[in-house]
Amino acid sequence: MSEALKREAAGRAVAEIRSGMKVGLGTGSTARHFVDLLGEKVRAGMDIVGVPTSEATASQARECGIPLSDLDTLARLDVTVDGADEIDGDLNLIKGAGGALLREKIVAAASDAMIVIADDTKVVEALGGRFPLPVEVNRFGLGATRALVQRLVDGHGTDGWVKLRGEEAGTPFETDGGHLILDAFFGRISQPEALSNELLNIPGVVQHGLFLNMCRKAYVATPNGVETLLKGN
Ligand SMILES: O=C[C@H](O)[C@H](O)[C@H](O)COP(=O)(O)O
């Protein structure tokens, strides 16, 4: 999908931002367009404050001149705009391909609304069929945690797998919080709420990339323009 279309979706989200808003700034190639376009608005006089969901986004936002804050100073935000790896018909999401899922989820949960921007390759019938679920884990006890996640995958009834992100390249990927990521392929996830609970019951799991009932609106870029998806429609 072209960067131009991602930027169009990002432009629709920027059009919803008003002066005075506190805005969560997502992470990834689509959110990058949003931050860029928001920076243009700020330089033209829009008065907003951003809370970034990653060090990468923080650095881009600073370069764009967006004033930044954090969730210690601002407990609630008006809106978060972020990308996604999979979006189902009820606007439940898989996120975390960029490894920012923990901060993204904390920021989204602190926001009155979450708007997702994406291209139409991200829209799926059921979560998990295409994309492995990123699971952020503590370094301590990695082997045991991995075995417990693998047990969940095995019990899911498909030929799933669990990989430590970066392991094949020789250097495990480290998140901004200093954790590791297990990419767990479950196949179609028929009961996302149940899986979410099972994962969070594993002590070494810090968080996972299932974003359930958090997003109410998505702008999805297609070759024929940007579609608006609303939860419950
Ligand atoms: O950790 C990364 C995030 O969840 C991203 O928002 C997600 O991977 C989508 O990124 P992109 O817009 O680059 O496809």
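**Ground rules.** I am reading a predicted model: local features need pLDDT of at least 70, side-chain atom pairs count only at pLDDT 80 or more, and totals for chains, interfaces and linings use all residues. Residues are numbered from 1 along each chain as its sequence is written.

Entry 1: I looked up the spacing. Next I looked up contacts (two residues are in contact if their C-beta atoms, placed from the backbone, lie within 7 Å). I found 12 residues of domain 1 in contact with 12 residues of domain 2. Which element gives the most to the side of domain 1 that touches domain 2? Helix 4 (residues 101-109) does, with three residues. Helices (H or I, at least four residues) and strands (E, at least two) are DSSP runs, numbered from the N terminus. I sorted that side of domain 1 by class and got six nonpolar, four polar and two charged residues. Ala, Val, Leu, Ile, Met, Phe, Trp, Tyr, Cys and Pro count as nonpolar, Asp, Glu, Lys and Arg as charged, and the others, Gly among them, as polar.

**Entry 2: the ligand.** I counted 18 residues around the ligand. The closest are G28, S29, T30, G83 and G98. A residue is near a molecule or strand if its C-beta atom, placed from the backbone, lies within 6 Å of it. Helix 2 (29-43) and helix 4 are the elements that give two or more residues to this shell. Helix 2 gives the most, with three residues. By class I noted five nonpolar, nine polar and four charged residues in the shell.

Entry 3: I traced an open sheet of four strands in the order 8-9-7-10, with antiparallel pairing. Two strands pair if DSSP finds at least two bridges between them. Strand 8 (161-164) and strand 10 (205-208) each have a single partner strand, so one side of each is left without a neighbour in the sheet. Neighbouring strands are turned by 25° against each other on average, direction ignored. Axes are lines fitted to C-alpha atoms, for helices over the stretch in contact, and angles run from 0 to 180 degrees between N-to-C directions.

I then followed strand 9 (residues 180-185). Strand 9 pairs with strand 8 in the antiparallel sense over four bridges, and L164 stands opposite L182 there. Strand 9 also pairs with strand 7 in the antiparallel sense, over five bridges. V137 stands opposite L180 in strand 9. Is strand 9 mostly covered or uncovered? Strand 9 is mostly covered, with five of its six residues buried. A residue is buried if 20 or more other C-beta atoms lie within 10 Å of its own, exposed if 12 or fewer, and partly exposed in between, with C-beta atoms placed from the backbone. Helix 5 (residues 142-154) lies across strand 7 (133-137), strand 8, strand 9 and strand 10, running at about 155° to strand 8.

Entry 4: I found six strands in an open sheet, in the order 2-1-3-6-12-13, with mixed pairing. The edge strands are strand 2 (49-52) and strand 13 (225-230), each pairing on one side only. The twist averages 20° from one strand to the next. Strand 1 (residues 22-25) and strand 3 (residues 79-82) pair in the parallel sense over three bridges. G24 stands opposite T80 in strand 3. Helix 1 (residues 3-14) packs on the sheet, touching strand 3, strand 6 (114-119), strand 12 (217-222) and strand 13. The direction of helix 1 makes about 150° with that of strand 12. Helix 3 (residues 55-64) touches strand 1 and strand 2, at about 155° to the direction of strand 2.

**Entry 5: single residues.** I picked P52, found in strand 2. P52 counts as buried because 27 other C-beta atoms lie within 10 Å. Not counting residues up to four places away in sequence, P52 touches L25, T57, A58, A61 and L68. P52 and G26 are 26 residues apart in sequence and 6.5 Å apart in space, C-alpha to C-alpha.

I also checked two positive phi values in residues other than glycine. Phi of L91 is near 60°, and phi of N213 is near 55°. L91 sits in the loop between strand 4 (86-87) and strand 5 (93-94). N213 lies in the loop between strand 11 (210-211) and strand 12. L91 is buried, with 22 other C-beta atoms within 10 Å, whereas N213 is exposed, with 11.
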